[in-house]
Amino acid sequence: MGKLFAVVLTVITLVSASFFVLHTWWMPVDISVHGPALDKQFGETLLGTGIGFIVAQLSLAFFVWQSSGRNEGRKTRQFPGGARIMVTTAVILVGFEILALSFVGQKAWAAVNLDPAPPNALHIDVQAEQFAFYFRYAGPDGQFGGVHPDKISDGDGNYFGLDPANDVAARDDIVVGSLTIPVNQPILLSMHSKDVGHSFYVRELRIQQDFVPGLMIPVHFTATQTGKFEIVCTQLCGLGHYNMKAYLNVVTQEEYDQWLKSQIGQ
Amino acid sequence: MHDTSKQTAEHHHSPPQGFLWTHVFSLDHKVIGKQYYFLSLAAVLIGMILSWLVRFHLAWASVAIPGLQHLSQVGAPGGIITPEYYLSLLTLHGTLMVFFVLTTAPQAGFGNYFLPIQIGAEDMAFPRLNMLSFWVTFVGFVVLVSTLFVSDGPPISGWTAYAPLSAIGSDAGPGLGTGQVLWVISIGIFCIGSLLGALNFIATTLDLRAKGMTLARMPYTTWAWFITAVLGLLAFAVLLPACVLLALDHLGGTSFFIPGGLVVSDKLQPHSGGSTLLWQHMFWFFGHPEVYIAIIPGLGITSHILTATARKDLLGGTRVLVGCMVSIAFLSFMVWGHHMFISGMNPFSSLVFSVPTLIITIPASIVTLNWIGTVFGARLRLHTAGLFAIGFISVFVTGGLSGFFLAQPSLDIYLHATYFVVGHFHMVMGVAAIFGMFAGTYFWFPKMFGRMMSEPLGKLHFWVTFIGVYCIFMPMHYLGLAGNVRRYSAFVDDYLAPLIPVHKFITISAFVTGAAQLLFLFNLFWSMYRGKKAEENPWQATTLEWTIPSPPPFDNFGGRHPVVYRGPYEFGVEGTPDDFVMQDSPEQPAKS
Amino acid sequence: MSELEVAVTGGQEIWQGGESPYAIPSKKLGMWLFIVSDSITFGAVLFCYAYLRLASPDWPTPFRLASIENATIMTFVLLSSSVTMVAAVEAAKAGRIAASVRWLGATMLGGVLFDILHIREWLGLIHEGLRLSQNPWGSGLFGAAFFTLTGLHMTHVTIGVIYLCIVAIGFRRGKFTSDDVEISGLYWHFVDLVWMFIFPLVYLLSARIR
């Protein structure tokens, strides 16, 4: 039984680890400025935990192999160094990992969540609702119109509750269902929710942030590659949660300018 | 000689008369322990079936499940699960499993049965309160399951019931009116049952220990149940008011968790002023200690069984294990924010919370390394209980290591709300804690029922389960790395299409593993009536439960007052005829 | 210690079992544990109150002088009832059963008077328009938090009065001991202590200052 356990555990360990090493299922290529730091930290964590995983499981397997089978009359042996060596190893090794990862990690985290957006960031208003994302650009006047919850009417396409009749700034606001941004341009999203909690997740951008009803949450990033990417909701928001998504179009500056011009026409 | 009669007399109660008092409203901790255990068994069966429904739907969404429309015509018309019903089933699965299985069987089930015996007592400190605690918990269970039968079904907000989805009412979706209110009531009732039980455990452990049973000589399981009870006393005390406030948002028109200006289903909601993050803070302040309540008894049970399996005491003994369990319990109150890294709370708090979260890794690693070090140089007796105890070590390593990623806010940005998290918590709670329960069942069944379970069936159960759980939950980590979001009833996004074969693999593994659990069920019930008769100490273990008949008499020790002369795990002592010495044996000098 | 015991324990003082550590019998320990847990529950609700107050820009300060006076009288009544409770426990311990029951009765009266004054205040506020969901002076959350917190406390006071009644009757009949009176005293002092947090945090901090 013990030898069987050792063999089974070894196979499980090596097979599981191999899928991590081979990147069989993996994160998509990163397209953000802050992404490489996160990916590097991920790689370091994977290395540390991977070694820990393999060493721990294989040691367990090996010791089970050694200690099982016919053993009547044999005396049990204490692990050399006893508990002291285990405590020391855990405190030093794990402690070191923790310190290292915390130091490295706080810089990466701060770049995303604590540092303010650069002053030249393109400001886009994002509203999440059951079950869609809507994006609002300020238009040629560079001003966002005020939002009024009592004026919201999805049927009329007034998702944000704008009041163009009385609010000059609202008249040229552009509201669309997908997010189009220029590459290599800092973007500042102001995220708010119309109804319940949602979340904004773009894997390639290494961005995920909850929408909190009642709060306006800023998220900033800079995309480094063009392409079409998916924005999906990751906070359980109701029956349509699985279907709540939008597209992110990262285009060249020229394409963006052209797109903006075509939107202003409407 | 010290007069022990006063305390004993205070806690003595005579044998019950009549069917109701013996089997239904029994004051006997052993009966109550079994009642909790079987309640958990019912809950885990329902929870497991729910997980099959959910997994089936993910793999084969357009295939009808025959008969399901009879459970809910609205939720599964023609046997095909709607997106909202998927979430209802998922919510019920999580709620049943976390509360009525993981918080119940390891602590209230085994703890009730064995804590008094392991400390040499006749019963718990407050037997009537004990009986009440069980029936209160039972009522909570009935209320929860009743959500399956109300018109709108169970709530769709997950076991975490985040506001405002859970607070607004039926405007926000199906099941969020009556279903959510019933859910809140059920959990509130459960809180009360748990609080009363925790109180009982603590008083019993401190006050009812037999002569010679110092705190240092208590078995690892007793320590684990004691520490878990302290956690429960403090943690459930926060969930209870949170539930009351959420209920008030539904029934009293309050807005504790609902800010102003929300437009749901085209209706401007009449609420204002509340905070959705307040719910998250209150819930997770309870929620994090809760998951340690789920696992610490398992740590104790594994350690306890490992000694009898390995024929040696745990490396580091009581001092190190208890020190680690206490550190983990203490730290568990400081980390709740790690469930909220990207929730919109001040991002600086996220960095603060990640520090104690990472520090918890240290005592957890110490415990794990000590287990592995105990297996070194052991003389393993790999009966089924021992196999599950050693299997626990393996799955605890796996589950714990994935936590290392999630403890770092910067990595959580990518991994939050993906299947990586689902894999992590299932590995530690859905696998490791369950392995603890299996180990405990196989180990203590002879004592509880006076018969042995079938070893061949048990071993088969172990092998299929051990391989099966890795097949189910390891791939979830890969899915998470690919960014597969959780709580989705279908995978319609472009990037998810290539991952569906992995989901099919997981689903098939889940069915095979589930089938093995039916083996376990059969073994459990068959052995109660047809198992080989068990002796007093079939595993040749050392603690007090093995000094009494199988099954024990009504007052555990048959009127005598046990005296403890030595520590709980004296295996391989020099100059002894067997390789173990019972805790109440005065013949040889004590090691400790 | 016998020779065997010395040989077994190396002469150390060993746990003799049977008597509670720190001389706290089980029932009293049980009441202390309940108090710890209930403190955390009240703490959570007080935390909510503080959180919502800090998060609301329009938190009202509705308590006029008359309200503060009423609340002060309530505080005085509750504090006095704790004093009578102490007297009840002392009398019980000294074996003066009749006196103890009288003091218990005085304590119960204090509790009932507190409840009456509290309900009177509630009715006054409700008459002015304060509800669980609305508030004429500002944030609706004030009504919700106020009624929940004070409602929870009032429930504890009421249950306490019933509890003391049962203990008083049982003590007079000889069914309960002085220990039981002391344990009920613990509960009563706890309820009083909670009020000493509610009174300043809710009333005094929301007083209308002219």
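Across the interface of chain B and chain A, 27 residue pairs are in polar contact, both partners at pLDDT 80 or more. The model is predicted. Several elements of chain B build the side that touches chain A, each supplying at least two residues. They are helix H5 (83–102), strand E1 (263–264), helix H10 (276–310), helix H12 (347–359), helix H13 (361–375), helix H14 (384–406), helix H15 (409–415) and helix H17 (455–481). By class, that side of chain B holds 63 nonpolar, 23 polar and twelve charged residues.

Salt bridges were also counted across this interface. The rule finds two between chain B and chain A. One salt bridge joins the side chains of Asp493(B) and Lys245(A), with an N to O distance of 3.8 Å. The cut-off is 4 Å, so this pair counts as a salt bridge.

The contact sets of the two chains were then compared. In chain B, 98 residues are in contact with chain A, and 98 residues of chain A take part. The area buried between chain B and chain A is about 8,400 Å². Carbon and sulfur atoms carry 72% of that area. Three residues, Phe376(B), Arg379(B) and Tyr478(B), supply 9% of the area that chain B buries against chain A.

Chain A is divided into domain 1 (2–70 + 78–113) and domain 2 (122–265). The C-alpha centres of the two domains of chain A lie 39 Å apart. Contact involves 14 residues of domain 1 and 13 residues of domain 2. Together the two domains of chain A bury about 1,100 Å², with 55% of it on carbon and sulfur atoms. Pro28(A), Ile31(A) and His34(A) supply 51% of the area that domain 1 buries against domain 2, more than any other three residues.

Polar links between the domains of chain A complete the description. Eight residue pairs are in polar contact between domain 1 and domain 2 of chain A, both residues at pLDDT 80 or more. On the side of domain 1 that touches domain 2, helix H2 (35–67) and helix H3 (82–113) of chain A are the elements that give two or more residues. That side of domain 1 comprises eight nonpolar, four polar and two charged residues. The count of salt bridges between the two domains of chain A is one. Asp39(A) and Arg206(A) meet through their side chains in a salt bridge, at 2.9 Å from N to O.

How values were computed:
Residues numbered from 1 in each chain as written. Chains lettered and ligands numbered in written order. Predicted model: local features only at pLDDT ≥ 70, side-chain atom pairs only at ≥ 80, totals over all residues. Heavy atoms only, no water. Domains from an automatic or database assignment. Contact = heavy atoms within 4.5 Å. Buried area = accessible area lost by both parts, 1.4 Å probe. Polar contact = N/O pair within 3.5 Å; in protein donor to acceptor, adjacent residues only side chain to side chain. Helix = DSSP H or I, 4+ residues; strand = E, 2+ residues; numbered from the N terminus. Nonpolar A, V, L, I, M, F, W, Y, C, P; charged D, E, K, R; others polar.
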